[in-house]
There are 4 protein chains.
Amino acid sequence: MSEAENPQLPPNMEIELDESLHATTEKWFEYPVVVHPHHTDYGGIVWHGTYLSWMEEARVECLRSLGLDYGNFVKLGYELPVVEVNIRYHQSLKMGEQAIVKTRMNNIQGVRIYWDYQITNWRGSTTYVSGRVTLVGIDREKGKIMRQLPPMLLDTLVKL
Amino acid sequence: MSEAENPQLPPNMEIELDESLHATTEKWFEYPVVVHPHHTDYGGIVWHGTYLSWMEEARVECLRSLGLDYGNFVKLGYELPVVEVNIRYHQSLKMGEQAIVKTRMNNIQGVRIYWDYQITNWRGSTTYVSGRVTLVGIDREKGKIMRQLPPMLLDTLVKL
Amino acid sequence: MSEAENPQLPPNMEIELDESLHATTEKWFEYPVVVHPHHTDYGGIVWHGTYLSWMEEARVECLRSLGLDYGNFVKLGYELPVVEVNIRYHQSLKMGEQAIVKTRMNNIQGVRIYWDYQITNWRGSTTYVSGRVTLVGIDREKGKIMRQLPPMLLDTLVKL
Amino acid sequence: MSEAENPQLPPNMEIELDESLHATTEKWFEYPVVVHPHHTDYGGIVWHGTYLSWMEEARVECLRSLGLDYGNFVKLGYELPVVEVNIRYHQSLKMGEQAIVKTRMNNIQGVRIYWDYQITNWRGSTTYVSGRVTLVGIDREKGKIMRQLPPMLLDTLVKL
């Protein structure tokens, strides 16, 4: 509730000390994208909300590459909704251009999972967008935050 | 560039001291929304990216209520792209539910404009989402950040 | 299945003769829209898929105006998915422009409901888009087409 | 205008007899897709409008496979907006599932290009969606329909 009253979003991530796993890796998962017409806006560039779709796709495909099918994960009664998004837009991406959405899990703290993002050109010399997305584990049936992440997910994330 | 290298997004807003206008107001502009099927995802709740559409609509309609038509603004060669987004998701909004997107300009610093958001139920007793969006003034022809915001915009924002 | 083999989509609606209700009305339900940045594409006009969102919103709000809350309808175990869409794009709608999405139920045939659309300017002198959307009643639990539409829906639609 | 008055959309394609190229091919271009959370709605299935995004992506990638970069095409002052869409939804596609968007150019009549679609499972044994999309060549500067399609496009389409 105090969070809700404060729209300035102070980064109080450091408060949560009960981290069960520090899993920062140097390696990024790379997900290629192409700017199609439906991604653009009147400025001829990618609309700022489109990046959230790409970041979600990259995250789901990163998990799939590690053996976790998010569709199955949901069928098993789990869910990983987004609870926080922080994005910086550095350069615009234009209609028809190609880019790489780079993502890596930065950290797990309790049932929170932090994913970092960099969206760059193919050479990696230009960064269009950088960001972080925070997920939290949910028990779909109870509609509540889980007390701990399910083993099938932790086993997958350890591979990162 | 150093921004791009740091995806943790340290909140360095306070560095920019050349503020030309401190315009925080107590008053929120209120923009009502209804959750339609296309706003939802498999969880039966609003997909996290949908909120960016609503926040953009609320911002554009807030400016319109002050006499600035954003469509005209663009035709005149200006643009206010989003350069930073910070969103916290507190409670989910379900299919068919109604909510109020509350927005207010928090501050102008140089050519940067900060908008705060709270998305709540009608009574204001539940906050679903809170966030901040940062815009920057762009000269469309030059494709560059403006040295100062155009008077027609500043005159409008002062009304806030 | 034979439908699936034929992508040319012959209009075989006339085959279904078991119509339970002929409900064409002269009166259109009117749903106003404004073209915001997220609705547009690189051409500065509304992206062609955006219209489906607006048509869905207009349909849901038309039902609400008749006393049927679609969110409740879904909670009760029913659903009205789209099974066919036919749209013609006559004129483009530009960034910042306003329009009216006009819709009316054209007909009910068994568990199929046909909705007609015209998206025009405020005066009605320019038609941007015209179209038809076909819905079918589904029992969510069984995942099957209903044998007949639920009375609460028929009672609502008769008001049209 | 008479089109606009008739939302029933009679298929009057056969009226246009000045066809410059009959190019129906047996071969489909295949574009794989995965159902990510942002593609779904409250029913746990792909929202009906999402298919238009996939159909656009498949079309643009089909042209790219033939040597035509749509981004460049736009930069050269041309555009191929959608003027008609006809879609039938046969089976729903669920969260996490994979599918193939199959597309082929069916015909060119004057400056109109007809694309057929079938969205199926990998084996091709289930068809989720079938449809047709009609494009028309536009001169971006004049904002008008072209008298004939530019040679660079015709040369590409002949390869189909």
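This is a predicted model: local features need pLDDT of at least 70, side-chain atom pairs count only at pLDDT 80 or more; totals for chains, interfaces and linings use all residues.

User: Which residues is Val101(D) in contact with, leaving aside its neighbours within four places in sequence?

Analyst: Val101(D) touches Tyr31(D), Val33(D), Trp54(D), Met55(D), Ala58(D), Tyr117(D) and Ile119(D), once its neighbours within four places in sequence are set aside. As background, nonpolar side chains tend to be buried together in soluble globular proteins.

User: How much confidence does the predictor have in chain A, and what does the model score overall?

Analyst: Chain A averages a pLDDT of 86, and 84% of the residues score at least 70. Residues 1-24 of chain A are another matter: the pLDDT there is below 50, though this stretch has 36 contacts in the model beyond near neighbours in sequence. For the model, ipTM is 0.85 and pTM is 0.87.

User: Why are chains A and B said to be related as by a two-fold rotation axis?

Analyst: Look at the superposition: a rotation of 180 degrees, with 0.0 Å of shift along its axis, puts chain B on chain A with an RMSD of 0.0 Å. The two copies are thus related as by a two-fold rotation axis. They also use the same surface, since 100% of the contact residues of chain B recur in chain A.

User: Which residue of chain B comes closest to that axis, and what makes it count as buried?

Analyst: That's Asn86(B), with its C-alpha at 2.2 Å from the rotation axis. The cut-off for buried is 20 or more other C-beta atoms within 10 Å. Asn86(B) has 23 C-beta neighbours inside 10 Å, so it counts as buried. Asn86(B) lies in strand E3 of chain B. Tyr117(B) is 31 residues away from Asn86(B) in sequence, and their C-alpha atoms are 10.0 Å apart in space.

User: What makes up the contact between chains B and A?

Analyst: It takes 30 residues from chain B and 30 residues from chain A. On the side of chain B that touches chain A, E3(B) gives the most, with eight residues. That side divides into 13 nonpolar, eleven polar and six charged residues.

User: How do you know that strand E3 of chain A pairs with E3(B)?

Analyst: Pairing needs at least two bridges between the strands. Five bridges join strand E3 (residues 82-89) of chain A to E3(B), and the two run antiparallel, so the label holds. One example is Ile87(A), whose bridge partner in E3(B) is Val85(B).

User: What relates chain D to chain C?

Analyst: A rotation of 180 degrees with 0.0 Å of shift along its axis superposes chain D on chain C, with an RMSD of 0.0 Å. The C-alpha of chain D nearest the axis belongs to Asn86(D), 2.2 Å away from it. Here too, 100% of the contact residues of chain D recur in chain C.

User: How many residues of chain D are in contact with chain C, and which strand supplies the largest share of that side?

Analyst: 30 residues of chain D are in contact with 30 residues of chain C. The largest share of the side of chain D that touches chain C comes from E3(D), with eight residues. E3(D) and strand E3 (residues 82-89) of chain C pair in the antiparallel sense over five bridges, and Arg88(D) is the bridge partner of Glu84(C).

User: Why are E2 and E8 of chain D said to stand at the edges?

Analyst: The open sheet runs in the order E2-E7-E8 in chain D, with antiparallel pairing. Strand E2 (78-79) and strand E8 (144-145) each have a single partner strand, so one side of each is left without a neighbour in the sheet. E2(D) pairs with strand E7 (residues 138-139) over two bridges, and Glu79(D) stands opposite Ile138(D).

Definitions and conventions:
Residues are numbered from 1 along each chain as its sequence is written. Chains are lettered from A and ligands numbered from 1 in the order in which they are written. Copies are superposed by least squares on the C-alpha atoms of residues with pLDDT of at least 70 in both. Two residues are in contact if their C-beta atoms, placed from the backbone, lie within 7 Å. Helices (H or I, at least four residues) and strands (E, at least two) are DSSP runs, numbered from the N terminus. Ala, Val, Leu, Ile, Met, Phe, Trp, Tyr, Cys and Pro count as nonpolar, Asp, Glu, Lys and Arg as charged, and the others, Gly among them, as polar. pLDDT is the predictor's confidence in each residue, from 0 to 100. A residue is buried if 20 or more other C-beta atoms lie within 10 Å of its own, exposed if 12 or fewer, and partly exposed in between; C-beta atoms are placed from the backbone.
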